[in-house]
4 protein chains.
Amino acid sequence: MKLSHTAARRILDAAIAKADELEQPMNIAIVDDGARLVAFVRMDGAIIASIDIAQKKAFTAMALMTDTMNLGPRTQPGQELWGIEHTNGGLVTFGGGVVLRDAKGEPIGAIGVSAGSVEQDVKVAKAGAAALLK
Amino acid sequence: MKLSHTAARRILDAAIAKADELEQPMNIAIVDDGARLVAFVRMDGAIIASIDIAQKKAFTAMALMTDTMNLGPRTQPGQELWGIEHTNGGLVTFGGGVVLRDAKGEPIGAIGVSAGSVEQDVKVAKAGAAALLK
Amino acid sequence: MKLSHTAARRILDAAIAKADELEQPMNIAIVDDGARLVAFVRMDGAIIASIDIAQKKAFTAMALMTDTMNLGPRTQPGQELWGIEHTNGGLVTFGGGVVLRDAKGEPIGAIGVSAGSVEQDVKVAKAGAAALLK
Amino acid sequence: MKLSHTAARRILDAAIAKADELEQPMNIAIVDDGARLVAFVRMDGAIIASIDIAQKKAFTAMALMTDTMNLGPRTQPGQELWGIEHTNGGLVTFGGGVVLRDAKGEPIGAIGVSAGSVEQDVKVAKAGAAALLK
């Protein structure tokens, strides 16, 4: 299954709805299975730095094929992936990047969310990801 | 007037509708008055190179405050702005980037469209821009 | 309220005065609400590395909408924003970047100061920021 | 003679005065003999793209030790310096970058001006440069 732009925009809508519910404007990016940008939105008032961070979270999740929250523990001093964030022009090693999986569990892209607390970012990313199969 | 993400997405919708009409999938990017990304979509089948080109067209239009189609003649060999495209990490000097203006004619952002012929790109960008004031 | 270049230069003057008082030449950068450079000065003898650091501090403060001194604790190993400095082409996570706020408390830009000790940088940045509302 | 930040700001003042006279807001950058930024200002309403172009003009003038207007003819197709603008992260090959020379004619820095027509840019840059020896 290939991620369509129609599905990507449906995911965006769900993520925006969750962000509105949390009253936290977000930057939201969606990439396809080639880790290339498919859709993006910056909500009114979302911080500028997160334009890049949201995209890097989506890239990181798809390019490493794992949710970014899994990278924090593995990139700490002395740990296995120490320093991996210096590759690929910058990876993000905290939560907010979530792999999008089709009905069979195959990764077909990723969503990256940034601008709130990491906890909020993760909630919005998961709300977006859940909309893929709806 | 500040470009809202709601307005940006309405512009995207209008641009996508025109691209569908032309049967030419497009990459479409919208930036605000700070030339920072607000919204983006890559339609199914649109070429990958245009992810960057569409964003650079939108940036170029806002950052130079002129539609990109105006830059072609002025950047030819021997002309006034010869070589300007090597600044700002790369500017685009052909059509497809259009300034978004509010009801007073003030620039509040720009749209950049890429993946079709330049003529098609311009048509889609203008269709998007026209939706701002609707 | 939009940050004018007149206000930006008044802020520079105040920052330079404080730097002179501390007998520590500084690099001082000011960005607007789009995190784009408005004014800059490198005082005689200020270190070259700080040309970039001062600008990155100002960018970081505005783009994350927080003084850079707040980022140190949150980006330590094991903390929430671990590794965020690898985004946006490099962020600065220690003091010296201060958000500029108008009379209503709205962020309209930021000042970044670098070349002294972090404590000195912060003092000079705050002296500059205080001049906005004078 | 080393370019002081006091002299750089006097040059800025003169350039701003000329830009005001021409009613054309400008981005103005000044570099020292190491082609490193000393002072910068973006006047209200000056286009964003010129933040980079003004700095690149100043860099180009000092780093090649020639006013940028001299590079246009030499970088045309078939000419001696064809393609040089691809080096150094991007050089500018049209007018608006002017070498600053001390009383002995020694280059001690450069000024780069951008945002108006090239003719206006050159006028403002020369007005700034002339203030060095006043």
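## The interface of chain A and chain B

Chain A and chain B bury about 1,700 Å² between them, 48% of it on carbon and sulfur atoms; buried area here is the accessible area (1.4 Å probe) that two parts lose on being put together, summed over both. A:His5, A:Arg9 and A:Arg42 supply 36% of the area that chain A buries against chain B, more than any other three residues.

A word on the basis: this is a predicted model, where local features need pLDDT of at least 70 and side-chain atom pairs count only at pLDDT 80 or more, while totals for chains, interfaces and linings use all residues. Side-chain values use heavy atoms, with hydrogens and water left out, and residues are numbered from 1 along each chain as its sequence is written.

In contact (heavy atoms within 4.5 Å) are 20 residues of chain A and 20 residues of chain B. By class, the chain A side divides as follows.

| Class on the side of chain A that touches chain B | Number |
|---|---|
| nonpolar (Ala, Val, Leu, Ile, Met, Phe, Trp, Tyr, Cys and Pro) | eleven residues |
| polar (the others, Gly among them) | three residues |

Four salt bridges cross the interface, each a side-chain nitrogen of Lys or Arg within 4 Å of a carboxyl oxygen of Asp or Glu. One of them joins B:Arg9 to A:Asp13, with the closest N and O atoms 2.7 Å apart.

Strands also meet here: β2(A) and β2 (residues 37-42) of chain B run antiparallel, joined by three bridges. Strands are DSSP runs (E, at least two residues), numbered from the N terminus, and two of them pair if DSSP finds at least two bridges between them. Within this pairing, A:Phe40 stands opposite B:Phe40.

Definitions and conventions. Chains are lettered from A and ligands numbered from 1 in the order in which they are written. Helices (H or I, at least four residues) and strands (E, at least two) are DSSP runs, numbered from the N terminus.
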